[in-house]
Amino acid sequence: MSDDLTTLLSAAPDLGDFEAEYRALTESCGLAARVDRGFVVVAGDRRAEMLNGLLSNQIDDLVGAGRHALLLTAKGRVLSDLRIFPRAADMLLEVPRRGLANLLDAFKKYLPPIYATFEDASDELGQLAVYGPKAAEALLECWGDTIPEEHLAVADGAIDGQPVLLVRNRRMAADGLELIAPAAGIPKLAERLVTAIAGVGGRPVGATAVDVVRVESGLPAYGFDIDEDNLAQETGLEADAISYDKGCYLGQEVVARVHFRGHVNRRLCGLAFGTDGAVPGDALYEGEKEVGRVTSAVRSPEFGPIGLGYVRREIEPPAELSRAGGGVSVIGLPFRRPGV
């Protein structure tokens with residue numbers, strides 16, 4: 001395996017040319033290694049029913065597509081977000097590495113083994129992602145089958161004999177395709193994808209460029225923008241990850257009370273920092289009053305120093321705040337419109 005491929009698969013911050021990597025993600029496509037994600041397999045005849053009773057979204061009707069959901073405490077605080085994908089014999093859960101221990105602990109406590117079993121498959125599976133407006137065009141060359149159209153739609157297939165679960169992600173950059181495959185085959189799959197994306201002007205990209213595009217896309221990351229201090233509706237994931245029509249689940253009483261009879265006191269917003277930039281943890285002020293805090297901060301070649309953070313609900317974008325290093329503009333999300 002080449003040194004360049006080794007660097008890619010380690011999800012290094014950059015691969016030597018951040019500007020070129022960013023342009024690939026925004027103008028053609030970039031290949032990234034998503035080592036920040038873990039996987040849990042849930043099996044058993046009542047697996048969907050059991051997950052439906054734990055997670056914030058409707059899980060027991062999944063066919064041909066996945067769904068985003070939250071795992072909450074009984075008090076409605078976020079233990080992790082995750083995506084659930086249906087397979088023929090089980091369900092595959094994709095979980096942020098920073099939320100994986102919380103999910104496994106909750107499953108040990110709440111998932112009855114007589115109805116459903118779970119296994120941490122994070123060492124057995126890996127994920128590569130092709131993000132950008134030409135992602136689907138690049139994959140056509142090696143996928144050899146219909147590429148799913150809808151956000152989080154999935155397809156089982158193979159690339160050069162390598163089994164792959166293909167997931168459409170239209171929230172990241174302008175478009176994207178994520179490939180979940182056995183970990184042992186990830187290096188060979190990466191080599192094949194490098195060739196495929198080169199045909200449309202794409203290139204491998206590092207973690208920094210991916211994080212910039214994540215922030216531009218308005219996507220909070222667990223362990224950075226979301227943790228156990230957050231209520232579900234603060235996170236900006238309500239539309240994608242919460243169902244108000246399903247039955248009971250862990251934390252559902254608090255979520256329903258906020259939705260039908262109350263409100264959260266803060267919410268995730270986009271932040272623009274001017275020329276000075278910011279760092280996560282910076283406090284945001286309206287006059288002398290602290291009204292928010294920065295959770296992610298990046299330097300975008302297109303939008304400048306920007307980030308994500310929480311501000312008091314009464315502050316409606318667009319608005320101007322201050323911080324120790326200068327001014328802050330509060331703006332609506334996303335900075336970059338998704339492909340749907």
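Okay, Cys-142 to start with: at 9% relative accessibility it counts as buried, where buried means under 20% relative accessible area, exposed over 50% and partly exposed in between, with a 1.4 Å probe and protein chains only.

A quick word on what we're looking at. This is a predicted model, so local features need pLDDT of at least 70 and side-chain atom pairs count only at pLDDT 80 or more, while totals for chains, interfaces and linings use all residues. Residues are numbered from 1 along each chain as its sequence is written, and side-chain values use heavy atoms, leaving out hydrogens and water.

Now, zooming out: the protein chain has nine helices and 17 strands; those are DSSP runs, H or I of at least four residues for helices and E of at least two for strands, numbered from the N terminus. How far does the C-alpha trace span along its principal axes? About 60 × 50 × 30 Å.

Of the 340 residues, 55% count as buried. Then take contacts, meaning heavy atoms within 4.5 Å: among those between residues at least 6 apart in sequence, 68% join residues at least 24 apart.

Last, charges: the chain has 35 positive and 50 negative side chains, with Lys and Arg as positive, Asp and Glu as negative, and His and the chain ends not counted.

Terms used. Charge placed at Lys NZ, Arg CZ, Asp CG, Glu CD.
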